Amino acid sequence: MIGWRAALLLGSVATASMAGARDASPQADHARWIASWGSAQMVADGDNALSPERATSFTLRQVVRLSAGGDRVRVRLSNAHGSEPLRIEAAHLALSAAPGSARITGGQRLTFTGRATAIIPPGAEIFSDPVAFTAAAGADVAISLFIPAMAGPQTGHPGARATSFILSGDHVADPVLAGAEHATHWYVLSDVEVARGAATFVAIGDSITDGYGVAPDRNTRWPDILAERLRARPALRGVGVINAGIGGNRVLLDGLGPNLLARFDRDVVARSGVRWAIVLAGINDLGVLTRDAPATPAQHAAIVAQVTAAYAQVVQRAHAHGIKVIGGTLMPFGGNEYYHPGAETEVDRQAINQFIRRSGTFDAVVDFDRAMRDPARADRLAPAYDSSDHLHPSEAGYRAMGEAVPLALFDDARPARAVRVRARRIDRIAARRRLNAAVPLRRSAPLSPIRSLILATPVDR
């Protein structure tokens with residue numbers, strides 16, 4: 001018979017071994033994850049959908065650029081708009097040779113709760129198991145999926161501005177997809193996350209955020225430019241930037257994709273590690289109001305009231321989860337032939353911008369209007385920043401937008417968990433000093449200035 005001390009020791013060893021086994025399993029992963037790449041999911045239909053011939057028993061390889069890097073990665077797959085289950089037979093993650101290329105180097109298979117296959121229920125999204133995978137900030141990675149049949153309606157992001165590759169059969173690990181067809185859309189893929197990043201910034205908006213007019217594989221949308229600037233600063237290299245723009249999107253009503261109020265929780269709040277979001281939306285609401293017929297004064301007043309009320313709603317939702325919200329002022333679109341805005345529409349735009357700047361609803365403001373307008377005509381884009389349709393920026397305009405975002409917004413980008421650990425350490429040191437001095441520990445004592453400062457630092461959800 002062994003003694004009680006030996007029994008306790010053996011029990012402790014056994015418990016530690018079991019804990020180690022649990023920690024090694026996918027379910028016991030406690031790393032702090034942030035979204036490093038992502039897109040807004042919508043129904044891919046019409047010309048944006050894969051045809052039945054292409055969408056049966058095929059490999060889909062999609063290349064995306066990470067904003068923040070890491071040494072552990074997981075991906076999120078989406079069947080958010082499907083009405084039937086979506087089966088994934090195999091998945092693979094690798095470094096991409098270059099944007100626009102199907103060539104990959106190395107990589108490894110992805111699993112889902114330890115299994116090679118997964119079924120995504122209708123309306124659902126799932127994570128892959130984390131894998132050890134080193135990718136630098138700004139790296140291009142390729143996610144390859146073998147799908148027996150696309151669920152309908154198809155879920156994806158049509159405005160990818162990136163080349164995806166489609167080849168019949170299971171070729172997820174092939175270095176090159178010889179004979180693959182091309183598509184400039186994303187499907188099924190919602191997010192790529194990295195472990196132990198700092199935090200994530202989400203840009204939610206319409207085609208101006210989605211990058212309308214940007215050529216495939218150039219990565220020159222304005223959020224891409226912001227991500228480049230963040231990577232150039234060592235202290236901000238761990239910030240992820242997510243583009244949640246949808247072309248044609250509106251704040252109040254569905255159009256191309258769900259309206260902003262309907263999708264805000266999925267596209268902002270539900271993403272991992274989000275600490276900041278910027279809202280740049282409302283142009284399409286104003287444009288549609290008078291596109292086909294003049295609006296009454298009451299209708300003009302109502303659209304301003306409804307858009308600004310919607311802003312207040314999303315800010316409240318974000319604040320409930322510790323997310324700061326930045327307001328982006330609406331840029332001019334005078335002269336646009338699709339919406340042909342008049343003087344009344346310009347009054348509406350100015351009223352909404354005044355709300356963004358002065359109401360105090362937002363935690364900060366990025367004045368895209370001031371940065372992008374023509375100094376000689378406030379209702380028009382500056383010629384150097386105009387793509388020629390008087391609505392969407394040129395490539396130079398997108399760069400100016402990305403450069404208009406102050407990096408000071410990200411001064412609190414340190415991982416909050418590190419802040420919390422530091423605060424506990426200061427508590428322990430202070431307690432030891434009190435004990436050594438034989439002074440009773442007073443829990444009701446006022447906090448020291450440094451402790452108060454640390455507790456005031458935002459803590460992640």
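Predicted model: local features only at pLDDT ≥ 70, side-chain atom pairs only at ≥ 80, totals over all residues.
1. Lining of the largest cavity. Two or more lining residues come from each of strand 1 (33-38), strand 3 (56-65), helix 3 (222-231) and strand 18 (239-245). Helix 3 supplies the largest share of this lining, five residues. By class, the lining of the largest cavity consists of eleven nonpolar, ten polar and nine charged residues.

2. Lining of the second largest cavity. The residues around the second largest cavity are Asp 206, Ile 208, Leu 280, Ala 281, Ile 283, Leu 330 and Met 331. Six of the residues in this lining are nonpolar, none is polar and one is charged.

3. The largest pocket. The space in the largest pocket is about 640 Å³. It is lined by 32 residues, with Ser 207, Ile 246, Gly 247, Gly 248 and Leu 256 closest to its centre. Strand 2 (42-44), helix 2 (207-210) and helix 5 (283-291) are the elements that each give two or more residues to the pocket lining. Of the lining residues, 13 are nonpolar, twelve polar and seven charged.

4. Helix 5. Which element gives the most to the lining of the largest pocket? Helix 5 does, with four residues. The buried residues in helix 5 are Ile 283, Asn 284, Asp 285, Leu 286, Gly 287 and Thr 290. Ile 283 also belongs to the lining of the second largest cavity. The cover over the buried residues of helix 5 includes helix 6 and helix 7 (343-358).

5. The largest nonpolar core. This core has 66 residues, and the members that touch the most others are Phe 201, Trp 222, Phe 264, Tyr 311, Phe 368, Met 401 and Phe 410. Helix 6 (residues 297-319) contributes the largest share of the core, eight residues. Another core, of 42 residues, lies apart from it; among its members are Ala 55, Leu 60, Val 141 and Val 188. As general background, nonpolar side chains in soluble globular proteins tend to be buried together.

6. Phe 264. Which residues does Phe 264 contact, leaving aside its neighbours within four places in sequence? These are Ile 204, Val 269, Val 279, Val 314, Arg 317 and Ala 318. Phe 264 is itself one of the members of the largest nonpolar core that touch the most others.

7. Gly 123. This glycine is in the loop between strand 8 (118-120) and strand 9 (125-127). Is Gly 123 buried, partly exposed or exposed? Gly 123 counts as partly exposed because its relative accessibility is 35%, and the partly exposed class lies between under 20% for buried and over 50% for exposed. Beyond its neighbours within four places in sequence, Gly 123 is in contact with Asn 79, Ala 80, Gly 82 and Arg 266. The C-alpha atom of Gly 123 is 7.0 Å from that of Ser 83, although the two residues are 40 residues apart along the chain.

Definitions and conventions:
Residues numbered from 1 in each chain as written. Heavy atoms only, no water. Core = buried A, V, L, I, M, F, W, Y, C linked by side-chain atoms within 4.5 Å. Buried < 20%, exposed > 50% of the residue type's maximum accessible area, 1.4 Å probe, protein only. Contact = heavy atoms within 4.5 Å. Nonpolar A, V, L, I, M, F, W, Y, C, P; charged D, E, K, R; others polar. 1 Å grid on protein atoms, 1.4 Å probe; cavity = no way out; pocket = protein on both sides within 12 Å on 5 of 7 lines; lining within 4 Å. Points joined across faces, edges and corners; volume = space filled by probe spheres on them.
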